[in-house]
Amino acid sequence: MYELAAIGIGGAAGALARYGVTHYSNFLFGTHFPYGTLIVNIAGSFLIGVLFVLFTERSMVSPVLRSASTIGFLGAFTTFSAFSLQSLALMEEGRLAAAFMYVVGSVIICILAAGGGMFLGRQLP
């Protein structure tokens, strides 16, 4: 029961964080490209890399906190469902080069970010 509540609280925090990042990115960069989603996916991929190392290789937190942060917060924070929809929207608008760069850039950069997070997690004392 505690784990479900923790996941819900983490999910609410992640959703609010995603909204904040997206809203602020739209304010800074405009809405002609889904910068907010890209930023969220890169940050979320990096964080999951760090947390994976800290939680599984070092067992630094309880299972409840692990679920709250990974399933709850990061599950709500990252936005691959929005990523998919925005990719299709760029394609439907005929912006194939932008769609290609968004899809390829998101996947490659997020994988690199997760690897960077794992590297950093392993460097922490």
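Is Gly 116 buried, exposed or partly exposed? Gly 116, a residue of helix α5, has a relative accessible area of 29% and is therefore partly exposed; buried means under 20% relative accessible area, exposed over 50%, and partly exposed in between, with a 1.4 Å probe and protein chains only. Between the C-alpha atoms of Gly 116 and Leu 47 there are 9.3 Å in space and 69 residues in sequence.

The model is a predicted one, in which local features need pLDDT of at least 70 and side-chain atom pairs count only at pLDDT 80 or more, while totals for chains, interfaces and linings use all residues. Residues are numbered from 1 along each chain as its sequence is written, and side-chain values use heavy atoms, with hydrogens and water left out. The mean pLDDT of the chain is 94, and 100% of the residues score at least 70; pLDDT is the predictor's confidence in each residue, from 0 to 100. Confidence is highest in helix α1 (residues 2–29), at a mean of 97, and lowest in α4, at 91.

The chain holds five helices and zero strands, and its elements follow the order α-α-α-α-α from the N terminus. Helices (H or I, at least four residues) and strands (E, at least two) are DSSP runs, numbered from the N terminus. Along the principal axes, the C-alpha atoms fill a box of roughly 50 × 30 × 25 Å. Of the 125 residues, 33% are buried. Among contacts with a separation of 6 or more, 72% join residues 24 or more positions apart, where contact means heavy atoms within 4.5 Å.

The packing of the helices can now be followed pair by pair. Two packed helices are described by the angle between their axes and the distance between the axes. Axes are lines fitted to C-alpha atoms, for helices over the stretch in contact, and angles run from 0 to 180 degrees between N-to-C directions. Angles under 35 degrees count as roughly parallel, over 145 as roughly antiparallel, 65 to 115 as roughly perpendicular and the rest as oblique.

Helix α2 (residues 35–57) takes part in two of the pairs described here. With helix α3 (residues 63–77), the axes of α2 come within 10 Å and cross at roughly 170 degrees, and the two helices are therefore roughly antiparallel. On the α2 side, Val 40, Ala 43, Gly 44, Leu 47, Ile 48, Leu 51 and Phe 55 meet Arg 66, Ser 69, Thr 70, Leu 74 and Phe 77 of α3. This contact of α2 with α3 comprises eight nonpolar, three polar and one charged residues; Ala, Val, Leu, Ile, Met, Phe, Trp, Tyr, Cys and Pro count as nonpolar, Asp, Glu, Lys and Arg as charged, and the others, Gly among them, as polar.

With α5, helix α2 packs at an angle of about 30 degrees, the axes being 7 Å apart, so that α2 and α5 are roughly parallel. Their crossing is right-handed; a crossing is left-handed if the near helix is turned anticlockwise from the far one by less than a right angle, and right-handed if clockwise. The contributing residues include Ile 42, Ser 45, Phe 46 and Glu 57 of α2, and Tyr 102, Ala 113, Gly 116 and Arg 122 of α5. By class, the contact of α2 with α5 has 14 nonpolar, eight polar and two charged residues.

Ala 113 in helix α5 counts as buried because its relative accessibility is 11%. Beyond its neighbours within four places in sequence, Ala 113 is in contact with Ile 42, Ser 45 and Phe 46.

Helix α5 (residues 96–123) also packs against helix α4 (residues 80–92), with axes that come within 7 Å and cross at roughly 155 degrees. The pair is therefore roughly antiparallel, and its crossing is left-handed. Residues that meet here include Phe 83, Ser 87 and Leu 90 in α4 and Ala 99, Tyr 102 and Val 103 in α5. The contact of α4 with α5 divides into ten nonpolar, three polar and no charged residues.

Ser 87 of helix α4 is buried because its relative accessibility is 4%. Apart from neighbours within four places in sequence, Ser 87 is in contact with Ala 99, Tyr 102 and Val 103. Phe 100, in helix α5, has a relative accessible area of 56% and is therefore exposed.
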